[in-house]
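This report looks at one pair of helices and then at the nonpolar cores. The structure is shown below.

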Amino acid sequence: MKKMIVSPLGGFDFETDKIASDKSMSHRCAIFSLLSDKPSTVWNYLQAEDTLCTLSIVESLGAKIEKKEGVLIITPPHEVVEPPLILDCGNSGTAIRLLMGFLSTCKGFFVLSGDSYLCSRPMRRVADPLRHIGAMIDGRSEGNYAPLGIRGQSLKSFDYESKIASAQVKSALILAALKAQDVCTFSEPELSRDHSERMLRGMGAKVESQGLKVTIYPQKSPLKPLNIKVPNDPSSGFFFAVAAAITKGSSVVLKNMLLNKTRIEAYKVLSRMGAHVEFIETDNTYDSVGDIIVTGKELHAVCVEENISWLIDELPALSIAFACASGKSVVKNAQELRVKESDRISSVVKNLRLCGISVEEFEDGYEVEGGALQSATINSFGDHRIAMSFAIAGIIAKMHIEDIDCINTSFPNFIELLSQIGKVE
Ligand code: S3P
């Protein structure tokens with residue numbers, strides 16, 4: 001298992017267009033290309049372990065993949081092929097859950113699995129509503145844990161009210177609904193990221209969004225192919241935003257970032273804490289895209305309790321900003337953090353305490369008393385966002401980060417970029 005040491009280098013002005021491509025959109029590009037009968041063209045597909053797993057699953061399902069200088073051409077099969085081997089989703093919750101919805105309607109038998117972390121994450125949230133409309137899904141613990149076996153079926157229509165705001169659950173059900181027998185509706189308690197709805201509409205699907213409700217009409221014929229440039233990932237860029245925010249006078253310019261409102265909420269929290277944050281839109285063809293500028297100023301504490309799904313992935317990095325702010329910051333209503341790549345409430349709390357920060361843990365969040373970060377040895381718990389968040393803390397106080405291989409799941413060039421603002425050994 002690889003480790004790294006990160007130590008401070010002082011203030012910086014850092015500009016980059018090399019933040020990893022958006023992970024959520026990349027997964028969807030690969031899976032949704034199977035809904036067309038023509039080749040999809042995808043620029044800037046994320047070349048990281050998670051999304052490369054999805055791409056090879058799409059290949060195992062019969063697609064032909066060609067890679068040419070930053071462009072991916074995905075030619076779908078006439079009909080999805082029944083693969084002889086298991087489909088390995090690696091560490092990716094998005095891949096396994098979206099594929100559950102998609103494969104539930106495809107002819108054949110499919111086995112979805114992943115690494116030990118993914119195999120301990122709950123799948124009932126997708127399996128149960130799908131089984132309710134006739135899907136045949138089984139797995140460990142009555143279908144809650146991978147490996148999961150799926151035998152594709154014709155599915156009934158549904159009106160499903162989800163108790164959790166999860167784009168993975170929503171997207172799985174939208175994919176099933178496209179092949180269901182009649183019109184379906186899905187509603188959620190808070191708007192989760194809406195890439196599936198936007199991209200499927202762009203492909204010609206009849207997917208209507210009204211507030212928290214999505215209406216999906218059955219799709220009788222193949223969709224138009226995708227022709228898309230994936231923007232850079234605001235969740236990956238956020239590590240560098242925090243780096244600037246906690247280093248007074250330093251700044252970052254993050255170029256070609258996805259600016260979808262369900263993805264930039266954490267930047268707005270940094271701004272509420274006192275950092276200077278600017279969004280400059282440069283394009284809005286499929287979704288808002290542009291540059292984000294963050295400049296470090298004096299930070300003060302904040303309470304985060306609304307629109308949690310809009311910043312759920314950024315909370316570990318945001319916790320580093322809380323630790324560097326004056327006063328007590330609070331996170332509430334974030335119980336979903338417990339079922340991410342690690343139990344992120346526990347991972348953040350344990351590691352912040354190792355850094356000498358006073359933290360209180362709740363079932364649905366935590367409270368952080370800002371203070372002076374102290375040098376520590378950090379356990380990533382095999383979770384990419386925990387490893388990268390505490391690596392960023394290393395630009396304030398030297399951090400030894402254990403088990404950093406997980407960074408490759410979403411941001412393989414993270415260390416290369418980090419070494420431009422901190423000392424990395
Ligand atoms: C994702 C949705 C979120 C997010 C994950 C990516 C997606 O998960 O945490 O990193 O691409 O749909 P949930 O939908 O389970 O909240």
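## The pair α1 and α2

In this predicted model, the axes of α1 and α2 come within 9 Å and cross at roughly 5°. Angles under 35 degrees count as roughly parallel, and therefore α1 and α2 are roughly parallel to each other.

On the α1 side, the contact is made by Lys-23, Ser-26, His-27, Ala-30 and Ile-31. Helix α2 contributes Asp-50, Thr-51, Thr-54, Leu-55 and Val-58. Sorted by class, the contact of α1 with α2 has four nonpolar, four polar and two charged residues.

## Helix α2 and its surroundings

Helix α2 covers residues 49-60, which makes 12 residues. From its first C-alpha to its last it reaches 16 Å, close to the 16 Å expected at 1.5 Å a residue. After α2 comes Gly-62, with a positive phi near 115°.

The buried residues of α2 are Asp-50, Thr-51, Cys-53, Thr-54, Leu-55, Ile-57 and Val-58. Besides α1 (23-32), these buried residues pack against α3 (93-103) and the strands β4 (64-68), β5 (71-75) and β6 (87-88).

## The nonpolar cores

In soluble globular proteins, nonpolar side chains tend to be buried together. Here the largest nonpolar core has 79 residues. Phe-240, Tyr-267, Leu-270, Val-294, Tyr-366 and Phe-414 have the most contacts inside this core. Helix α8 (residues 234-245) gives the most to the core, with eight residues.

Leaving aside neighbours within four places in sequence, Phe-240 is in contact with several residues, including Phe-14, Ile-19, Val-252, Leu-254 and Phe-414. Another core, of 67 residues, lies apart from the largest one. Among its residues are Leu-61, Ala-135, Ile-150 and Leu-200.

Conventions:
Residues numbered from 1 in each chain as written. Predicted model: local features only at pLDDT ≥ 70, side-chain atom pairs only at ≥ 80, totals over all residues. Heavy atoms only, no water. Helix = DSSP H or I, 4+ residues; strand = E, 2+ residues; numbered from the N terminus. Expected span 1.5 Å × (residues − 1). Buried < 20%, exposed > 50% of the residue type's maximum accessible area, 1.4 Å probe, protein only. Contact = heavy atoms within 4.5 Å. Axes fitted to C-alpha atoms, helices over the stretch in contact; angles between N-to-C directions. Parallel < 35°, antiparallel > 145°, perpendicular 65-115°, else oblique. Nonpolar A, V, L, I, M, F, W, Y, C, P; charged D, E, K, R; others polar. Core = buried A, V, L, I, M, F, W, Y, C linked by side-chain atoms within 4.5 Å.
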